[in-house]
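Here are a few exercises to work through with the model open beside you. Try each task yourself before reading the solution.

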Amino acid sequence: MVLGPKTYAGPDNGPMSSRSGDHSVEHMGNIERGHRVAIVTGASRGLGRALALGLADEGWQLVIDGRDPDALAEARGALPGSVVALVGDVANPAHRAELMAAAADHGGLDLLVNNAGILGPSPLPPLAVYPLDALREVYEINVVAPLALTQLALPALRATGGAVALITSDAAAEPYPGWGGYGSAKAALEQIGRVLAAEEPTIRVWSVDPGDLRTRMHQEAFAGEDISDRPLPESVVPAFLRLLDERPASGRVRLVELAAGVHA
């Protein structure tokens, strides 16, 4: 179903694109290039939606996904420019293949934002009683699926000298009670990012810590508590865009620290 200049695809009808022709592929850091393609997973709400909007406003062509069809359609409708929205779960190999096919139809891939993830049980249980089946799911979505999608994306990213952004958390580095499942999964993801950066020197691999934000996932982590003091996801978008513009070496990036110099 085509909706104006954008496109929307569900799990049954496959990706559709508004691509009108082939485009030359250049380095992602070349600000003169008007054709840049990004995949942003988990873009139907929260940080993923905010990052997608920030990229779209900068002229990026996007492939986004989410598991909730209504939320994804609403997010896509707010995005300017060329957008392919695919309903699906990043843990599904067929869905990952759809994401890559949509990016190829756009002409390549410059940026993969592995943002989709799950918190796990809420309220957060201590490790002594953490349900192991739930822990397996947390690792499947937060570790295995991002790596699997990155594996598919690597040939295209090598061709463009692109980048992978692995959305992580300070829970990957700090021993917060109750965060053993989610935090250890993010720690594993960060180690994957470090090794991947060593193995793939032609691309950038950033583990991006956005800090505490006012999102649904964060609310689930603090069930029944008021988190209105946390900044909105949109607050870190300028720092993320600066990351893409400055293109530092692969490594861990705290957006709060980067944001301190955004307007310098």
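**Exercise 1.** Find the buried residues of helix α7 (residues 237-246), then list the elements that they pack against.

*Solution.* Step 1: take buried to mean under 20% relative accessible area, exposed over 50%, and partly exposed in between (1.4 Å probe, protein chains only). Helices (H or I, at least four residues) and strands (E, at least two) are DSSP runs, numbered from the N terminus. This is a predicted model, in which local features need pLDDT of at least 70 and side-chain atom pairs count only at pLDDT 80 or more, while totals for chains, interfaces and linings use all residues. Residues are numbered from 1 along each chain as its sequence is written, and side-chain values use heavy atoms, with hydrogens and water left out.

Step 1: on α7, the buried residues are Val 237, Ala 239, Phe 240, Leu 241, Leu 243 and Leu 244.

Step 2: look for contacts, meaning heavy atoms within 4.5 Å.

Step 3: Arg 247 follows α7 and has a positive phi, near 50 degrees.

**Exercise 2.** Which residues touch the most other members of the largest nonpolar core?

*Solution.* Step 1: a nonpolar core is a set of buried Ala, Val, Leu, Ile, Met, Phe, Trp, Tyr and Cys residues joined through side-chain atoms within 4.5 Å.

Step 1: the largest core has 34 residues, and Leu 55, Leu 62, Ile 64, Leu 111 and Phe 240 touch the most other members.

Step 2: follow Leu 55. Leaving aside residues up to four places away in sequence, Leu 55 touches Ala 38, Val 40, Trp 60, Leu 62, Leu 111, Phe 240, Leu 241 and Leu 244. Apart from this core lies another, of 21 residues, including Ile 39, Val 63, Ala 103 and Leu 157.

**Exercise 3.** Is Leu 53 buried, partly exposed or exposed?

*Solution.* Step 1: locate Leu 53 in helix α1.

Step 1: Leu 53 counts as partly exposed because its relative accessibility is 32%.

Step 2: not counting residues up to four places away in sequence, Leu 53 touches Ala 78, Leu 79 and Pro 80.

**Exercise 4.** Describe the salt bridge between Arg 254 and Asp 209, and place it in its network.

*Solution.* Step 1: a salt bridge is a side-chain nitrogen of Lys or Arg within 4 Å of a carboxyl oxygen of Asp or Glu. The whole structure holds nine of them.

Step 1: the N to O distance between Arg 254 and Asp 209 is 3.9 Å. This pair links distant parts of the chain, with Arg 254 in strand β9 and Asp 209 in strand β8, 45 residues apart.

Step 2: Arg 254 is partly exposed at 34% relative accessibility, whereas Asp 209 is buried at 3%.

Step 3: a network of salt bridges links Glu 190, Arg 194, Asp 209, Arg 252, Arg 254 and Glu 257.
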